[in-house]
Amino acid sequence: MSGWSKLLDSVFPAFEETEREKPKGMLYIAEETPGLPTSFAVAGQHAIVLLMLVVYTVIVGREIGLSQEELRGFVSMGIVAAGIATFLQGTTTRFGSGHLVVHLPTPVTMAGFIAVSVTFGVGAAAGATILSGIIVMGLSRLLPKLRSVFPAEVAGVLLVLLGLSLVEGGAKRFTGFSGSGLDTPSILIATTTLVVIIGLSVWTSGRLKLFAIVIGTAFGLIVATILGRFGQTELKVVTEQPLFSLPFSGYTLPTPTLVLAATIPILLIEVISAVDSIGTGVAIDKINNAKWHRADMPMIARLVTCHGIGVLLAGLFGINSIGTSSANLGLAHASGVASRKVGQIAGLMLVVLAFLPQVSTFITQIPQPVVGAILVYTAGYMLVAGMELVLSRMLNSRRTFMIGLGITVGSVVLLMPEIISGAPESLKPILGSALTLGTVTAMSLNMIFRIGIAQSGTIQLTGIESLAKLTDFLEEKGEDWGARRQVMMRAGIAVGEALEKLSGTGITNWPIVLKVSYDEYKITLDMDYEGEPINLAVAKPISLDDLMDDDDDDALDELVSNVSGMLIGQLADKVESTSDNGRATLKLVFDH
Amino acid sequence: MLIENRGDVVILAPRHRVDTNNSPEVEKVVFENIGDGEGKMVIDFSQVDYISSAGLRVLLKTAKQMKKGGGKLGLCNLNDQIKEVLELSGFLGIIDCYDSVDSCLAAFR
């Protein structure tokens with residue numbers, strides 16, 4: 001292998017497929033490929049959802065004072081960047097996660113780009129974005145080493161805040177609220193859209209479920225047309241556009257410049273956005289795997305690498321940065337299709353669509369209540385996904401405060417945006433981001449609360465009466481570490497059975513010293529005692545049904561012994577029973 | 001352990017744990033109330049955190065006696081740990097389990 005090859009491998013390791021079990025409710029997971037018609041239809045659905053959320057780029061373009069002509073080019077370049085990053089994410093290369101992860105202009109980076117462009121010029125925003133993209137790509141390989149900084153609870157806080165961040169935009173569009181009251185036609189349009197989407201998602205399966213959002217949108221458009229909220233005016237805007245144009249026509253790419261005061265806030269936002277994409281990586285991994293029990297850090301590192309490439313592209317194109325889409329994540333979960341091929345097709349579709357300005361213009365003319373209904377629907381999904389992650393771990397007061405304060409601090413900014421009105425302008429993009437504040441709070445508290453928590457613990461068990469003490473010890477350790485409740489439960493059952501077996505067979509002298517060690521990947525229990533190694537083999541299989549009709553109590557005792565050994569073997573992922581010089585060790589390892 | 005009679009059904013509610021330390025005691029109480037196994041018994045696990053294979057022995061003996069006597073046995077309010085143990089050991093296939101005492105009593109009628 002050449003030197004360059006080795007260097008490339010060390011910085012960007014090659015793709016490796018993960019073993020997965022398809023969850024119930026999923027039709028196609030990452031490595032599976034639906035038929036072409038289904039792939040195109042679902043990819044089209046993702047492309048449409050993304051195009052609806054291109055509204056964030058439209059908002060940015062208007063805020064930085066672009067003309068209509070420049071705005072068209074600005075939006076088209078955003079779609080190209082999103083399409084390339086989405087395609088790359090779906091590849092099985094060292095620069096893609098191999099998952100259906102859609103990139104789009106995000107509200108997280110929107111505010112920062114506007115603030116920097118208005119203060120320092122678009123060139124400074126572009127330069128900062130380019131630098132941030134390179135740094136994020138460099139950070140991607142460090143992330144596996146930082147797994148203690150980003151445990152499930154932090155990812156869960158992030159997802160909850162992601163969901164909450166969609167609520168305001170969704171609710172305003174849903175209700176047509178404009179400061180002077182609600183708009184009944186908006187509510188009717190949005191409710192129709194949402195009811196159709198939910199109805200199809202809950203009560204149908206197969207293709208109808210796949211196209212729930214598109215069908216819901218169509219129904220919303222019909223109601224909007226009847227109510228006079230969609231029609232000639234909107235279509236005129238579309239037909240005025242040329243049929244074909246190069247994406248960057250109309251928008252002059254800015255010359256990137258490096259301004260320190262501009263770079264710092266954008267860099268911080270991009271790092272936080274990279275943290276956001278870890279949550280996306282965890283979520284898409286969970287969606288694809290019924291046996292998910294920990295973050296696939298090499299995959300997440302590749303996902304972040306691709307995220308960095310997307311940011312770099314956005315900087316080179318002089319547009320607001322792109323990130324991973326929570327709305328499309330919710331769509332993948334809801335539709336049951338998470339095939340990487342669909343992601344690649346969606347990416348290519350977006351690039352092609354960027355050359356067809358009438359298409360993208362039409363999408364952005366979709367009535368806001370319809371967009372609002374989709375945002376409300378996906379907000380719900382993100383909220384629940386975040387709560388599931390948070391509650392998958394054992395909680396104690398430290399973790400409760402870490403999660404609670406993280407969500408609270410993020411929510412303060414959402415509920416009271418005026419609270420930062422006195423902050424320096426250059427800090428407002430950061431302080432005004434619920435995601436940034438909430439996640440940084442949770443991460444900081446996580447690091448602080450880890451102080452004094454050892455990653456292992458030891459208890460001396462003096463007799464079989466120590467079983468209750470053992471359970472309390474494991475419970476306390478599990479809470480300290482934020483271990484997965486299910487795993488600690490299995491460990492508790494297995495070690496309890498081991499103690500009873502040791503006590504019952506009389507091969508040990510008390511005390512037994514139990515050491516428990518934890519990292520994010522496994523929990524290890526080592527039982528060290530004076531005596532013989534434990535034998536977990538089943539002496540003679542006994543049928544429960546036969547035993548029900550048997551009067552022999554000895555058979556009953558043998559069954560219990562068999563069950564004990566069987567439970568230990570089934571619950572632990574690895575069992576080792578060894579001895580040395582009169583001392584024996586039983587080692588139980590549980591994948592975490 | 002709490003003991004309650006509702007009509008012709010005996011409801012037993014062990015507390016905290018059923019393991020090698022207290023399973024003889026639990027067995028004693030169960031068999032004091034089981035008679036010849038002709039009646040109906042519900043074991044309510046709502047107050048139980050943990051069961052071990054020693055506890056399974058008691059359940060199996062109880063189930064055998066009820067089967068012999070033509071009676072009915074139901075377990076209810078199992079937490080995740082107890083369900084996991086019963087499932088892995090195959091006991092869910094030989095003893096009926098219910099979400100609550102009321103659903104168990106309804107099944108007995």
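How far apart do the C-alpha centres of domain 1 of chain A and domain 2 of chain A lie? In this predicted model, the separation between the two centres is 47 Å. The domain assignment of chain A places domain 1 at residues 28–449 and domain 2 at residues 456–591. The two domains do meet: 12 residues from domain 1 of chain A and 11 residues from domain 2 of chain A take part in the contact. On the side of domain 1 of chain A that touches domain 2 of chain A, 3 residues are nonpolar, 4 are polar and 5 are charged.

The surroundings of A338(A) can be followed residue by residue. Leaving aside residues up to four places away in sequence, A338(A) touches a set that includes M26(A), Y28(A), I29(A) and A30(A). Also among the residues that A338(A) touches are H99(A) and L100(A), together with I284(A), I287(A), N288(A) and A332(A).

Attention now turns to the meeting of the two chains. Chain B brings 23 residues to the contact and chain A brings 21 residues. On the side of chain B that touches chain A, helix 2 (53–69) and helix 3 (80–89) of chain B each supply at least two residues. Helix 2 of chain B gives the most to this side, with 9 residues. By residue class, the side of chain B that touches chain A splits into 8 nonpolar, 7 polar and 8 charged residues.

Strand 1 of chain B (residues 2–6) and strand 2 of chain B (residues 9–13) run antiparallel and are joined by 5 bridges. Within this pairing, L2(B) stands opposite A13(B) of strand 2 of chain B. The hairpin has 2 residues between the strands, and G7(B) adopts a positive phi near 65 degrees. Strand 1 of chain B is hardly covered, as the count of buried residues among its 5 residues is 0. In a regular strand, side chains alternate between the two faces of the sheet.

Note on methods
Residues are numbered from 1 along each chain as its sequence is written. Chains are lettered from A and ligands numbered from 1 in the order in which they are written. This is a predicted model: local features need pLDDT of at least 70, side-chain atom pairs count only at pLDDT 80 or more; totals for chains, interfaces and linings use all residues. Two residues are in contact if their C-beta atoms, placed from the backbone, lie within 7 Å. Helices (H or I, at least four residues) and strands (E, at least two) are DSSP runs, numbered from the N terminus. Ala, Val, Leu, Ile, Met, Phe, Trp, Tyr, Cys and Pro count as nonpolar, Asp, Glu, Lys and Arg as charged, and the others, Gly among them, as polar. A residue is buried if 20 or more other C-beta atoms lie within 10 Å of its own, exposed if 12 or fewer, and partly exposed in between; C-beta atoms are placed from the backbone. Two strands pair if DSSP finds at least two bridges between them. Domain bounds come from an automatic or database domain assignment.
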